[in-house]
Amino acid sequence: MTQEKQAFGRIELAPEGHLQLPSPGRRRALKWLFAGGAALGGTATAQALDVPVWSKTLGKPVGADPYGRPSPFEADTVRRISPGLTTTEHSSVAFTPLQNLFGIITPNGLHFERNHAGRPDIDPHQHRLMINGLVRQPKIYSMDDLLRLPSVSRIHFIECGANTAMEWGNVAVPTVQYTHGMLSCAEWTGVLLSTLLDDVGFDRKRARFILAEGADGASLTRTVPIEMALDDVLVAYGQNGEMLRPEQGYPLRLVVPGVQGVSSVKWLRRIEVGDQPWHTREETLHYSDLMPDGMSRQFTWIQECKSVITSPSGGQRLLDRGRYPITGLAWSGRGRIRRVDVSVDGGRNWRIAELQEPILPKALTRFRLDWHWTGEPALLQSRAVDETGYVQPKIRQLREVRGTRSIYHNNAIQTWQVDAQGRVHNVQV
Ligand SMILES: Nc1nc2c(c(=O)[nH]1)N[C@H]1C(S)=C(S)[C@@H](COP(=O)(O)O)O[C@H]1N2
Ligand SMILES: [Mo]
């Protein structure tokens with residue numbers, strides 16, 4: 001192989017606002033940055049030899065930012081809303097910029113946000129959690145009470161059941177932020193729900209379900225089976241080492257690992273123990289899956305195995321023929337990821353991708369595969385397999401069973417088409 005063939009190709013990121021196109025100035029800056037990464041020559045050499053101002057002056061004093069923020073040069077790495085997707089800004093969603101992130105942890109300021117009645121700002125001193133129903137001793141806990149109980153920290157993804165919902169019938173949105181960005185992963189800290197259920201002496205014979213209720217204007221309520229509640233469900237107050245963000249349910253939320261996001265009730269104020277499901281609004285009118293025969297599936301809790309390539313991905317452009325690391329995320333609501341296959345020819349041939357440690361149950365797993373782009377059109381796909389042996393389906397296979405009106409639980413294989421000009425498009429094959 002010649003040197004040129006081994007070089008890593010340059011990539012132009014998506015303007016990400018297919019909604020707000022960047023100014024020509026910003027485009028020029030991008031071009032310069034990417035040129036800087038190539039072999040030094042001409043103006044790039046001159047710029048590189050010039051001692052920059054930050055090497056000749058004192059920087060800001062320590063403590064200048066008591067709560068640190070990202071570099072102003074990272075201003076494009078933000079959550080985005082999809083105009084027109086929802087009729088109000090209070091019952092809406094802001095998507096995580098998956099294309100800009102590394103590893104598996106979502107920074108707190110970028111965790112996707114999905115609210116049904118806006119985001120309340122709750123005073124933790126006034127907040128209470130009540131546990132009632134089939135229990136020996138109903139109790140009301142203050143945040144102080146909860147913070148004194150034994151805690152655990154666990155890394156889990158949260159994915160909205162409606163993630164990728166726009167893509168059931170046809171290609172709808174151009175970039176991975178919008179196709180898959182109702183997905184985030186954090187280290188959650190809190191009390192196991194089983195600890196609290198023991199504390200109130202729940203009725204082991206009769207308890208079959210719990211109801212979780214939020215303190216927001218939506219009073220969002222969801223039924224959770226008792227087996228899950230006693231297994232790994234968390235009553236969480238911590239998110240990546242600090243208190244929950246208001247967007248994520250400050251000061252208290254449920255985290256139901258592996259289950260569609262709506263069950264992870266934010267601003268949690270009450271848990272009731274019962275012997276049958278409650279059939280609340282969010283498990284009848286919404287979050288049921290309309291099947292082709294007109295029947296609806298109800299209580300489809302689990303987020304099945306899924307994956308997506310985050311780079312190269314929709315809206316980006318490959319500027320060179322050369323080496324490109326293909327990378328993305330895989331996850332399963334049933335446990336660990338066992339394997340991720342990657343295809344560059346629309347699923348005819350597959351290669352096994354490298355999985356990056358750690359590989360945790362019900363958490364995002366980062367995968368990677370080296371690829372040489374020859375300049376020919378390509379169809380990039382990833383296909384995840386979880387530890388139960390379940391294989392992520394093609395969109396056609398999923399449609400055969402589910403039709404196109406399901407809204408929720410679209411875990412189909414995503415295809416990114418690279419055209420002869422290196423532009424990456426969202427396509428379905
Ligand atoms: N109380 C309450 N809990 C809630 C919601 C809500 O609107 N109110 N939205 C749910 C939905 S549909 C999802 S997908 C997740 C999103 O969690 P996040 O906003 O922290 O990403 O929260 C769930 N919990
Ligand atoms: Mo959701």
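This is a predicted model: local features need pLDDT of at least 70, side-chain atom pairs count only at pLDDT 80 or more; totals for chains, interfaces and linings use all residues.
Good morning, colleagues. I begin with the overall picture. The protein contains eight helices and 26 strands. Its radius of gyration is 23 Å, close to the 22 Å that the globule rule gives for 429 residues, so the protein is as compact as a globular protein of that length. The C-alpha trace spans about 80 × 60 × 40 Å along the principal axes. Of the 429 residues, 39% are buried.

Domain 1 covers 108-297, and domain 2 covers 306-427. Their centres, taken over C-alpha atoms, are separated by 28 Å. In the contact between them, domain 1 contributes 27 residues and domain 2 contributes 24 residues. Which elements of domain 1 supply at least two residues each to the side that touches domain 2? They are β7 (152-159), α5 (176-180) and β15 (289-290).

There is also an annotation to report. An unreviewed UniProt entry places the feature "domain: Oxidoreductase molybdopterin-binding" at residues 116-278. In the model, this span is 15% helix and 35% strand, and its end C-alpha atoms lie 19 Å apart.

Let us now consider one sheet. Five strands form an open sheet with mixed pairing, in the order β6-β5-β14-β9-β10. The edges are held by β6 (139-142) and β10 (221-225); each has a single partner strand, so one side of each is left without a neighbour in the sheet. On average, and with direction ignored, neighbouring strands here are turned by 20° against each other. Within this sheet, β9 (residues 209-214) and β14 (residues 268-274) run antiparallel and are joined by six bridges. To give one pair, F209 has G274 of β14 as its bridge partner.

A second example of pairing involves β25 and β26. These two strands form a hairpin with five residues between them. In the turn, G422 has a positive phi of about 85°. Strand β25 (residues 415-418) runs antiparallel to β26, and four bridges join the two. V418 stands opposite V424 in β26.

Along β26 (residues 424-427), V424 and N426 point to one face and are buried.

Is E113 buried or exposed? With 20 other C-beta atoms within 10 Å, E113 counts as buried, because the cut-off for burial is 20 or more. Leaving aside residues up to four places away in sequence, E113 touches R79, V93, A94 and E247. One of these, A94, is 19 residues from E113 along the chain, and the C-alpha atoms of the two are separated by 5.1 Å.

To summarise, the protein is divided into domain 1 and domain 2, and the annotated feature at residues 116-278 comes from an unreviewed UniProt entry. Thank you for your attention.

How values were computed: Residues are numbered from 1 along each chain as its sequence is written. Chains are lettered from A and ligands numbered from 1 in the order in which they are written. UniProt positions are given in the numbering used here, feature names are shortened, and annotations may be inferred rather than shown by experiment. The radius of gyration is taken over C-alpha atoms; the globule rule is 2.2 Å times the number of residues to the power 0.38. A residue is buried if 20 or more other C-beta atoms lie within 10 Å of its own, exposed if 12 or fewer, and partly exposed in between; C-beta atoms are placed from the backbone. Two strands pair if DSSP finds at least two bridges between them. Axes are lines fitted to C-alpha atoms, for helices over the stretch in contact, and angles run from 0 to 180 degrees between N-to-C directions. Domain bounds come from an automatic or database domain assignment. Two residues are in contact if their C-beta atoms, placed from the backbone, lie within 7 Å.
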